[in-house]
Amino acid sequence: MEWEVVIGLETHAQLQTKTKIFSGASTAFGAEPNTQACEVSIALPGVLPVLNKEAVNCAIKFGLAVNAQITPRSVFARKNYFYPDLPKGYQISQYELPVVGKGAVTIQVPAVGKNPAYEKVINITRAHLEEDAGKSVHGAVEGMSGIDLNRAGTPLLEIVTEPDMRSAAEAVAYAKKLHELVQWIGICDGNMQEGSFRCDVNVSVRPKGSDKLGTRREIKNLNSFKFMQQAIEFETRWQIETLEDGGAIQQATVLFNPDTGETRAMRTKEEANDYRYFPDPDLLPLEITEADKARVSAEMPELPEAMKARFESEYGLTGYDAATLTASRDVADYFVAAVKAGADAKPAANWVMGAVSAKLNAEEKAITESPVTAEQLANLIKRIMDNTISNNAAKQVFEVMWNGDGEVDAIIEKKGLKQVSDAGAIEAIIDEVLAANAAMVEEFKAGKEKAFNALVGQAMKASKGKANPAQVNEMLKKKLEA
Amino acid sequence: MALSIEDVKKIAHLARIEISEDEAAATLTKLTGILGLIEQMQAVNTEGIVPMSHSQDLVQRLRDDVVTKTNQREAFQGIAPVLGNGSTERAVDGGLYLVPKVIE
């Protein structure tokens, strides 16, 4: 039987606020344990939550970015369960009326082998605001667990999709797109190592063609795209094998073990999902008006889709180039800065996607850490555009600049890379070459086109690569045909 | 809606409330009474009425995103629960609050 995998994602994005969602305690990462755990974070009796305006702004930004309905009056609810890192005995979340309703994102699924790349729309079911829990630390004291409540109360946006994905590749493409989007609109730093962006993946399988969903298992807390891919592939195989062996899938929460590449069910408690949500009486409904949306919208950067379209129309870039440059805001910013600094868009795009990207990849650097700034790149491109240097010479200059050894013009001067465009100088070189290669000249006159290229090569060599190739071509042609 | 004694025990367990057989039986009677009242209320036609999520007809006020809380770990850990088993020491270590071991 042919099987189909059905995947939906729940992503927790930690919002980039200075303070917690319901108190004025700092959210800075890496502080000493419990030094950022105020009376609200540790749930002392009598304390009350006060909602952070910036967390709400972040939620509105996300809603606008995925073309979602933003709920005019959303409600906070208590999700009740007992765990030591949750001292109140409930997490403040949203249930029936989340702040962000239905929306959508378009993902780009890369080509694999013979299968070409394609685009697909993934529907967002909802996104809601909630508080993070604290952290348990094991092993510090024998027989005890240590609790650090610095993270308790950190604002999260939980983003839930419809079960729209049909392969690990689609799920990873969605996660990457979302990861880029939340950073692009500045609501999340996207740091997966520090847990700022974590994904839970719901996986089920069904016979191909069926419209009934199979029983799902949820893979918890995936913090890298590579692990997500591996976990989904393993889980899919495991579910298909289980069903083909006549077994049944039990709904469960599973963990992925990166060392073995396998998923394994966590111990399940019968009442684990009985959270008894109810509206939190400590918080009033959250009202978001059209004016609020307009204000937040005005603060938002141009979104990737809009920027891609503009790169195509304004700069004449191809769809592919525009998509590549807008896959990350940092790359887009770098490209735009280079163009603003005077580089032509087309060569700027080629340099950013070519030499700059290659160097960054080789050295595992982000574009924000590039030793060659956008302005320096623009200066280099200007020197190609005004015929001061050839493309080949530009590559040498780039290399030197990358290693921090000076500015464009100084390097050109020092290395003697300036292109010779002086007609007299070029003519002298060509005359020399023609005199020294009489045989080649004869061959050309006998109709051998190849001989012409060989002569150009000789002239370039004689000029030590500095002659303007276009001029050499032109002048040589004139001389030979004279 | 009929509630069973098992339902009462389950609810008590979810809320981590210790409950004796007698208390469970008494609670069952009270809860059944409350559910009966809710059933009566459900007979009222509420079509077109927005569900109420708070008793006050106000909206949430928002706080500016400014750090106002300072580190008060020492004060808070000075009133943390004690270790117990005869020890009056606070259950804290190296800045962490200590609880009986939890491993998932």
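Q: Which domains does the domain assignment of chain B give?
A: The model is predicted. The bounds come from a domain assignment. For chain B they are domain 1 (5–42) and domain 2 (73–104).

Q: How far apart do the C-alpha centres of domain 1 and domain 2 of chain B lie?
A: Domain 1 of chain B covers 5–42 and domain 2 covers 73–104. Their C-alpha centres lie apart by 34 Å.

Q: In the hairpin of strand 1 and strand 2 of chain B, which residue takes a positive phi?
A: Strand 1 (residues 82–84) and strand 2 (residues 87–90) of chain B run antiparallel, joined by two bridges. B:Gly84 stands opposite B:Ser87. Two residues lie between the strands, and the one with a positive phi, near 50 degrees, is B:Asn85.

Q: Which element gives the largest share of the side of chain A that touches chain B?
A: In the contact, 44 residues of chain A meet 32 residues of chain B. Elements giving two or more residues to the chain A side are helix 1 (53–65), strand 7 (135–138), strand 8 (144–148) and strand 15 (286–287). The largest share is five residues, and it comes from strand 8 of chain A.

Q: How do the residues of the side of chain A that touches chain B divide?
A: This side of chain A holds 44 residues. They divide into 22 nonpolar, 13 polar and nine charged.

Q: In strand 4 of chain B, what is the bridge partner of A:Met144?
A: Strand 8 of chain A pairs with strand 4 (residues 96–100) of chain B. The sense is antiparallel, over four bridges. The partner of A:Met144 there is B:Pro100.

Q: Which strands are the edge strands of the eight-stranded open sheet in chain A?
A: The strand order in chain A is 5-6-9-1-10-11-12-13, with mixed pairing. The twist averages 30 degrees from one strand to the next. An edge strand pairs on one side only, and here these are strand 5 (103–109) and strand 13 (262–265) of chain A.

Q: Which residue in strand 9 of chain A does A:Thr11 stand opposite?
A: Strand 1 (residues 3–14) and strand 9 (residues 155–161) of chain A pair in the antiparallel sense. Five bridges join them. Opposite A:Thr11 stands A:Ile159.

Q: At what angle does helix 2 of chain A run to strand 5 of chain A?
A: Helix 2 (residues 168–184) of chain A lies across several strands, including strand 1, strand 6 and strand 10 (197–207).

Q: Are helix 8 and helix 9 of chain A parallel or oblique to each other?
A: Helix 8 (residues 345–362) and helix 9 (residues 374–385) of chain A have axes 11 Å apart and an angle of about 120 degrees. The crossing is right-handed. Angles of 65 to 115 degrees would count as roughly perpendicular and those over 145 as roughly antiparallel. The angle of about 120 degrees therefore makes these helices of chain A oblique.

Q: Which residues in helix 14 of chain A does helix 12 of chain A meet?
A: Helix 12 (residues 423–436) and helix 14 (residues 449–462) of chain A pack at about 125 degrees, axes 9 Å apart. Their contact divides into six nonpolar, one polar and one charged residue. Helix 12 brings A:Ile429, A:Ile430, A:Glu432 and A:Val433. In helix 14 these meet A:Leu455, A:Gln458, A:Ala459 and A:Ala462.

Note on methods. Residues numbered from 1 in each chain as written. Chains lettered and ligands numbered in written order. Predicted model: local features only at pLDDT ≥ 70, side-chain atom pairs only at ≥ 80, totals over all residues. Axes fitted to C-alpha atoms, helices over the stretch in contact; angles between N-to-C directions. Contact = placed C-beta atoms within 7 Å. Nonpolar A, V, L, I, M, F, W, Y, C, P; charged D, E, K, R; others polar. Pairing = 2+ DSSP bridges. Parallel < 35°, antiparallel > 145°, perpendicular 65-115°, else oblique. Left-handed = near helix turned anticlockwise from the far one by under 90°.
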